[in-house]
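Colleague: Could you walk me through this model before I set anything up with it?
Modeller: Gladly; here it is.

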Amino acid sequence: MGDHGSKIEISFVGRFASSAIAACFAEICTIPLDTAKVRLQLQKQASTDASAMPKYRGMLGTVATIAREEGATALWKGIVPGLHRQCVFGGLRIGLYEPVRNFYVGENHVGDVPLSKKILAGLTTGALGITVANPTDLVKVRLQAEGKLPPGLPRRYSGALNAYSTIVRQEGFGALWTGLGPNIARNAIINAAELASYDEVKQTILKIPGFTDNVFTHLLSGLGAGFFAVCIGSPVDVVKSRMMGDSAYRSTVDCFVKTMKNEGPSAFYKGFLPNFGRLGSWNGIMFLTLEQVKKLFAKEVPDKH
């Protein structure tokens, strides 16, 4: 709120732009961790040879192995579709969150927004955003998975745009929406966990004496949001990565059951630390940037009341 006679407002374009900018910046900073996470999730346990050591071990170990074997640039594989995804998906899911949340509580609502309405708004904008952005996600996972092909084998895609056109040519236009079911589940759930918990954690922190709406509060709230998102979203994330990176599974349920049967429940938290390293830092950077960038688009308008 501004002075008594005015309030601060941001247009939808301003919300979309500031959300897309913040999401893209966070993506550039953290994509090496995401590449490591995808490789760890796609690495199945070698049940036949018990003595065989897994190739990728731990977050930083995986980052080091990829950099050593494929060059440092391989860590940013998938950055182009990653940025396409953040522009579309980040812009929609984060930009629409406040308007949708306010719609759910009604414009005459006074006081704190109930947590249930925050979760509902997060589920709605996450599902909407990823339905539009699924092709960018598919291409990103395919490009990140390419690097684990043995040396000498031809690469399927020369880059992001080539991957889009190759998938459409070889598998049909609809193939760009491969994995949409688990992807909607994952992104609606993780989006709700991130945005609702950020909202809730920030609201709680601001009630503690001595805390103000500043950079430190934004960073703490962002890390809290990342932690909740990983706890809740990790199982769907593993299933999504496997379905997009490996065509051996018939359906979401098939992938879930096979993973459970062959590797046990711990497989769904494969890469938990890299996932938190990724989502915790991603959320910290994204929300910190978002709060600053939003100020550029905010303008004071006279309060009608």
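**Contacts, fold and one residue**

Modeller: Among contacts in the protein (heavy atoms within 4.5 Å) between residues at least 6 apart in sequence, 78% join residues at least 24 apart. This is a predicted model, in which local features need pLDDT of at least 70, side-chain atom pairs count only at pLDDT 80 or more, and totals for chains, interfaces and linings use all residues. Residues are numbered from 1 along each chain as its sequence is written, and side-chain values use heavy atoms, with hydrogens and water left out.

Colleague: How many helices and strands does the protein have?
Modeller: The protein has 10 helices and two strands, counted as DSSP runs numbered from the N terminus (helices H or I, at least four residues; strands E, at least two). The radius of gyration, taken over C-alpha atoms, is 20 Å, close to the 19 Å that the globule rule gives for 305 residues, so the protein is as compact as a globular protein of that length. That rule is 2.2 Å times the number of residues to the power 0.38.

Colleague: And what share of the residues is buried?
Modeller: Buried residues make up 49% of the 305, where buried means under 20% relative accessible area, exposed over 50% and partly exposed in between (1.4 Å probe, protein chains only).

Colleague: Switching topic, where is Met260 found?
Modeller: Met260 is in helix H9, which covers residues 252-263, and it counts as partly exposed because its relative accessibility is 38%.

Colleague: What is Met260 in contact with?
Modeller: Leaving aside neighbours within four places in sequence, Met260 is in contact with Pro265 and Phe268.
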